[in-house]
Amino acid sequence: MSAGELATPFRQRAGGAMKDAFLQEALTIATTKFIGLRREAFEGFPEGEALRDQARAIKEATLQQLDRHLETLIGNVERLGGHVHYAATPAEARSIIVDIARRTGAKMAVKSKSMATEEIHLNEALKEAGITPVETDLGEYIIQLAHERPSHIIAPAIHKTKGQVAELFSRELKRPAEADPEALTRIARGELREKFLQAELGITGANFAVADTGTVVLVTNEGNGRMVTSLPRVHVAVIGVEKVVPSLTDLMVFLAILAKSATGQKLSVYTSLIQGPRRAGEFEGPEEFHLVLLDGGRIAQIGGPLREALSCLRCGACLNVCPVYRQIGGHAYGYTYPGPIGILLTAMLEGAPAVKDLAHASTLCGACVDACPVRIDIPRMLIDLRREVDEKRIAPWTERVAFKLLARLLQHPPLYRFAARAGRVLQRPFASDGRISRLPLFFGEWTRTRDLPLVAPRTFQERWASDKDLRT
Amino acid sequence: MTTKAEFLGRIREQMQRTPGRFAASSAKRPEHPAAEAETIRRELAERWPETLDAFRREFESVGGVFHKVASVDAVPAVVSRIAREHEARELVAWHSAALGADLGPALAARGLDVHQMPDAEPIGVAERERLRAIAARADLGLTGVDLAIAETGTLVLVSGAGRPRSTSLLPPCHIAVFDRTALVESLRQVGVVLEAWHGDGAAPAAGAVINFITGPSRTADIELTLALGVHGPKEVHAIFVEQGIGG
Amino acid sequence: MTGRRASLMVTCLGDLFFPEVGISIVRLLRKLGVAVDVPADQTCCGLPLFNSGYHSEAAAVARRTVTLFGDSQHVVVPSGSCAWMVKHEYPGLLAEAGLEREAEKLAARTYEFSQFLVGVLGVTEFTSAVPGRVTYHDSCHLLRGLHESQSPRTLLGKLRGAELVPLPGADECCGFGGSFAVRLPEVSSQILAKKVANVEATGADCLVACDAGCLMQMGGGLTRKKSRVRALHLAELLDGDR
């Protein structure tokens with residue numbers, strides 16, 4: 001039963017997610033496991049805290065010289081025979097990539113997991129242009145077959161049980177599939193191996209782009225990232241401008257903390273440093289390398305209130321610890337990026353009105369900052385977003401009036417005291433057993449599941465004012 | 001279409017708007033990477049047994065299988081034992097110049113079907129496709145190792161002539177042969193070495209990719225249950241040659 | 001008397017809903033030789049306005065508070081979230097009004113209750129008002145905002161007549177989050193249900209926290225379930241020698 005006509009679409013999606021028993025179990029297991037793995041990894045890693053500070057400082061320093069570092073990166077990529085493209089908007093990025101795909105005559109593109117390509121909705125554009133995109137990361141492959149979007153930044157299919165995956169494989173691949181992760185993995189390996197070997201085009205994102213050397217860095221576990229960047233003739237990497245780091249020395253600082261934050265591993269299985277197309281002497285590797293630099297709202301935040309969010313390493317640690325994400329999962333957020341950082345990224349990419357409800361999808365508990373490898377102060381920026389939503393009058397007028405009234409009350413003690421006396425009177429019909437278990441209208445949002453204490457017969461200040469034995 | 005000038009111009013415009021509120025500094029780069037890398041090498045030469053022990057621990061903890069032999073002549077026996085365990089025969093290998101030793105004959109003598117990768121760029125698409133098919137069919141892939149990182153149990157392989165990427169990627173079993181000269185202790189030291197390679201072009205090979213390999217391919221995408229050998233190898237073996245590989 | 005003076009910042013929730021907490025604090029501090037005063041006409045620290053983004057209104061309330069506590073030697077606050085607001089947000093909020101210095105001075109003199117007992121007074125041994133097992137929940141602002149997880153545990157660990165048992169997920173949010181509790185009540189309630197399950201699994205008689213918001217949320221969930229576990233503020237529990 002959704003709660004009332006005033007419920008927002010987000011609240012309805014959240015409610016639906018909490019009634020999905022499979023999802024609830026999957027979320028509890030996955031997030032609890034990730035939290036434990038991350039904790040263990042950092043417990044055995046005393047240098048970790050200093051490295052996190054260092055990583056944050058590097059990101060900030062890079063932003064302060066971003067144009068210079070990008071110039072260096074571009075120069076190096078071109079020197080190595082690669083091509084650089086500039087996409088101001090998702091539409092432009094799609095158009096650039098589809099153009100490249102058309103020119104290569106590709107019928108099929110194999111993709112390694114890339115949130116940037118999810119963000120720009122690349123797959124639909126490729127399909128429309130007659131090119132079949134094939135997701136090769138197991139989790140992405142699963143959701144592609146299911147026609148869904150990722151529900152977690154690093155484990156896209158975490159909302160699915162093995163039974164659901166088996167059923168999906170049986171249906172879509174027209175072959176029997178056992179509900180066993182290893183058996184399902186073997187099926188995916190077999191299905192995708194052929195695609196890797198046949199595809200003319202490989203599309204990836206990148207975790208980092210090293211300016212000094214023109215290197216793009218892929219951090220993966222399955223091997224599909226290596227396949228996609230070694231076997232097809234053309235490689236396209238799409239990255240947000242904030243992915244650039246100045247040098248290889250800087251890169252090592254991030255590598256030391258990224259996998260630990262995401263999955264508790266010291267390093268992911270494959271970290272690939274790719275410097276342009278294949279070189280003389282190599283018979284494997286792409287002949288063409290294209291780097292697409294994506295703005296999509298990031299550049300405006302260099303000088304904007306969400307600047308700190310540009311440091312995000314896309315590790316997903318904040319999702320795993322967020323009390324809200326843990327209850328509702330990724331799809332309920334309704335946008336490409338879920339969880340705490342997802343709310344900020346959505347504001348960055350879609351504007352403040354898009355997050356008028358999501359900005360409040362947080363208890364401001366701060367668990368995300370604790371877990372973030374680069375210590376992004378997400379709660380602070382959520383409060384700033386709430387402020388923007390209020391000041392731009394995007395919040396409903398009823399809410400704004402209520403808060404202005406509250407503000408008035410809190411600045412005028414006589415009004416405050418009057419409100420207390422009024423509360424005492426108004427609560428009488430609802431009071432029983434020393435508490436309130438039922439309230440009408442909006443206040444019922446609390447009492448549906450929780451009791452409320454009564455406004456005290458005498459407030460503390462009233463007692464202090466009148467009880468002499470209290471004062472001495 | 002947005003031009004480079006427009007793109008960077010927009011960035012510069014935004015950069016003017018804020019000087020940045022937080023502590024900011026890039027990592028301190030080595031001033032003389034080649035010299036520092038040499039120092040690291042010298043110091044490690046003295047404590048390689050401890051480094052090897054640490055490497056073995058980490059490598060095994062990520063699911064790698066470690067072997068130690070006295071000399072490079074003992075390597076083929078280990079490889080053929082692994083092949084027998086897999087009931088496998090087809091092996092694809094880096095070129096002997098890249099491996100540092102010519103193991104082909106000894107491996108063939110033990111009944112393995114050895115395909116050594118060429119170290120000159122083959123002419124023509126047909127030849128490239130033939131080589132790719134071999135790698136895709138092979139049961140075992142034999143490579144050398146450029147760096148073995150003790151901190152994380154990682155094998156670092158640089159691509160290039162005679163050392164294609166697919167050897168350590170397509171076959172379900174990857175066997176890597178190394179000696180004490182590859183050992184490094186930490187990611188920080190790796191950073192110095194990478195800077196040195198980049199700075200004076202003294203990398204082990206001139207290919208476009210440097211792959212860090214930490215154990216067999218894995219995923220936990222289904223119910224966070226671990227499954228190995230998703231797309232890359234299901235098994236990774238590291239054979240340490242105590243007396244050193246090459247001459 | 002020790003010559004120490006403390007002003008009680010009772011907080012809006014404390015004043016209206018939990019006056020017993022304020023009374024326990026006054027009694028406890030007095031017994032420890034601290035002269036206690038309560039500046040008149042207190043309302044709120046402004047956190048509810050701040051968290052929902054009404055910053056100029058929050059600043060106006062902050063300004064009032066800074067003036068009200070201008071003469072205090074120490075300011076003692078029963079809620080971690082209110083103490084955090086004063087210590088961390090007031091200086092920034094009041095910068096525009098030119099009152100940053102005054103706000104910083106107030107921040108430096110403000111303490112959450114358990115921090116005041118352990119860190120300032122150095123007193124850690126009390127008698128429990130409720131005998132039996134107690135378990136402790138870390139309020140988010142106290143834990144992550146004020147970096148305080150030890151003082152309450154020290155006090156509870158040394159409490160005569162009570163046994164402290166650990167709460168699984170003690171550092172996990174209770175789901176209150178201020179207006180969050182009524183903006184996303186289903187999510188808030190599910191978070192609460194998990195917290196209540198953890199609390200009941202400890203076998204404790206009493207759940208202790210240092211924040212009125214957390215106590216409203218968790219207490220409300222426990223009584224709705226007719227749980228035998230009582231939710232109490234730390235001060236009420238320490239006030240055993242009556």
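How many Å apart do the C-alpha centres of domain 1 of chain C and domain 2 of chain C lie? In this predicted model, the two centres lie 22 Å apart.

**View 1. The two domains of chain C.** Chain C is divided into domain 1, residues 4-119, and domain 2, residues 123-238. Between these domains, the contact draws 28 residues from domain 1 of chain C and 24 residues from domain 2 of chain C.

**View 2. The side of domain 1 of chain C that touches domain 2 of chain C.** Elements giving two or more residues to this side are α1, α2, α3, α5 (80-93) and α7 (113-121) of chain C. The largest share comes from α7(C), which supplies six residues. By class, the residues of this side of domain 1 of chain C comprise 14 nonpolar, 12 polar and two charged.

**View 3. The contact between chain C and chain A.** Chain C provides 52 residues to this contact, and chain A provides 51 residues.

**View 4. The side of chain C that touches chain A.** Two or more residues each are given by α1 (12-17), α2 (19-31), α3 (47-51), α4 (55-68), α8 (140-145), α10 (180-183), α11 (185-201) and α12 (212-224) of chain C. Of these elements, α11(C) gives the most, with seven residues. The residues on this side of chain C are divided by class into 25 nonpolar, 18 polar and nine charged.

Technical notes. Residues are numbered from 1 along each chain as its sequence is written. Chains are lettered from A and ligands numbered from 1 in the order in which they are written. This is a predicted model: local features need pLDDT of at least 70, side-chain atom pairs count only at pLDDT 80 or more; totals for chains, interfaces and linings use all residues. Two residues are in contact if their C-beta atoms, placed from the backbone, lie within 7 Å. Helices (H or I, at least four residues) and strands (E, at least two) are DSSP runs, numbered from the N terminus. Ala, Val, Leu, Ile, Met, Phe, Trp, Tyr, Cys and Pro count as nonpolar, Asp, Glu, Lys and Arg as charged, and the others, Gly among them, as polar. Domain bounds come from an automatic or database domain assignment.
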